[in-house]
Amino acid sequence: HYGKDHIEVARTLNNLGLVLNSLGESNQAKELYDKILVIEQNHYGKNHPEVAKILNNLGSALRNLKEYQKAKELLDKALVIKEKHYGKDRIEVARTLNNLGNALIDLKEYQKAKESYEKALRIMENYYGKDHPVVARTLKNIGNALHSLKEYREAKELYEEAVRIQKKHYGQDHIEVASTLYNLSNALMALKDYRG
């Protein structure tokens, strides 16, 4: 009906790309996102928030393909577009900051990752409140960066707070709780707190 280069086609391809990336078909997802990016840039221009969404999704696919530097570069671009369009304190910006933090962890740039996660956390706490599971996930991400920086006590405190929120939201027997408890146990081991 629309032809291959229509924006409605790009929206449907984006949904397919999200599914493919979730299924581990990141090469196929990347190919779709490359096509979508051209369509959206032609339709909206290069500095539109819809283009930033595709840059974000393409960055996610590239991370799965272990192309970490390219992923970081795309997420940096997405962040600039979103901050310019939405302002620095919007949830759309926080999501990209979180994804950028993940790419920085992949690149072993732990201090920069921590800073990116901390910016995301401030926005998320304002948007969701301090006891939301999305906030807990970001606390865990900061904890992971701190652990990599050998700041084990600070990491431990963030993991404990994340576990508290996750137990409240999910209950004790949820996989998110187990994952954070595992990270907490690693921090305790690094602190030689074997009874913690």
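In which crossing, left-handed or right-handed, does H5 pass H6? In this predicted model, H5 passes H6 in a left-handed crossing. The fold as a whole is described before that pair is taken up in detail.

The protein chain holds nine helices and zero strands. Read from the N terminus on, its elements run α-α-α-α-α-α-α-α-α. The C-alpha trace spans about 65 × 35 × 30 Å along its principal axes. Of the 196 residues, 40% are buried. Contacts between residues at least 6 apart in sequence were also examined; 53% of them join residues at least 24 apart.

Two packed helices are described by the angle between their axes and the distance between the axes. For helix H5 (residues 91–106) and helix H6 (residues 110–128), the angle is about 155 degrees. Their axes lie 8 Å apart. H5 and H6 are therefore roughly antiparallel to each other. The H5 side of the contact is formed by Ile91, Val93, Ala94, Arg95, Leu97, Asn98, Leu100, Gly101, Asn102, Leu104 and Ile105. These residues meet Tyr110, Lys112, Ala113, Ser116, Tyr117, Lys119, Ala120, Ile123, Met124, Tyr127 and Tyr128 in H6. By class, the contact of H5 with H6 has 15 nonpolar, four polar and three charged residues.

Ser116 counts as buried because its relative accessibility is 5%, below the 20% cut-off. Neighbours within four places in sequence set aside, Ser116 is in contact with Leu97, Leu100, Gly101 and Leu104. An α-helix has 3.6 residues a turn, so residues three or four places apart point the same way.

The loop between H5 and H6 contains Lys108. Phi of Lys108 is near 65 degrees, a positive value in a residue other than glycine. Most residues other than glycine have a negative phi. Lys108 counts as exposed, because its relative accessibility is 60% and the cut-off is 50%.

H3 and H4 form another helix pair. Their axes come within 8 Å and cross at roughly 160 degrees. That angle makes H3 roughly antiparallel to H4. The crossing of H3 and H4 is left-handed. From H3, the contact draws on Pro49, Ala52, Leu55, Asn56, Leu58, Gly59, Leu62 and Arg63. From H4, it draws on Tyr68, Lys70, Ala71, Leu74, Leu75, Lys77, Ala78, Ile81, Lys82, His85 and Tyr86. The residues of the contact of H3 with H4 divide into twelve nonpolar, three polar and four charged.

Lys66 lies in the loop between H3 and helix H4 (68–86). This residue has a positive phi of about 65 degrees although it is not a glycine. Lys66 counts as exposed because its relative accessibility is 59%.

Helix H2 (residues 26–44) has 19 residues. From its first C-alpha to its last, H2 reaches 25 Å. That span is close to the 27 Å expected at 1.5 Å a residue. Its buried residues are Ser26, Ala29, Leu32, Tyr33, Ile36, Leu37, Ile39 and Glu40. These buried residues pack against helix H1 (7–22) and helix H3 (49–64). Just after H2, Gly45 takes a positive phi of about 100 degrees.

Which residues does Glu50 touch, not counting residues up to four places away in sequence? The partners are Glu40 and Tyr44. Glu50 is found in helix H3, whereas Glu40 is one of the buried residues of H2. Glu50 and Glu40 are ten residues apart in sequence. In space, their C-alpha atoms are 7.3 Å apart. With a relative accessible area of 24%, Glu50 is partly exposed.

Methods. Residues numbered from 1 in each chain as written. Predicted model: local features only at pLDDT ≥ 70, side-chain atom pairs only at ≥ 80, totals over all residues. Heavy atoms only, no water. Axes fitted to C-alpha atoms, helices over the stretch in contact; angles between N-to-C directions. Helix = DSSP H or I, 4+ residues; strand = E, 2+ residues; numbered from the N terminus. Parallel < 35°, antiparallel > 145°, perpendicular 65-115°, else oblique. Left-handed = near helix turned anticlockwise from the far one by under 90°. Contact = heavy atoms within 4.5 Å. Nonpolar A, V, L, I, M, F, W, Y, C, P; charged D, E, K, R; others polar. Expected span 1.5 Å × (residues − 1). Buried < 20%, exposed > 50% of the residue type's maximum accessible area, 1.4 Å probe, protein only.
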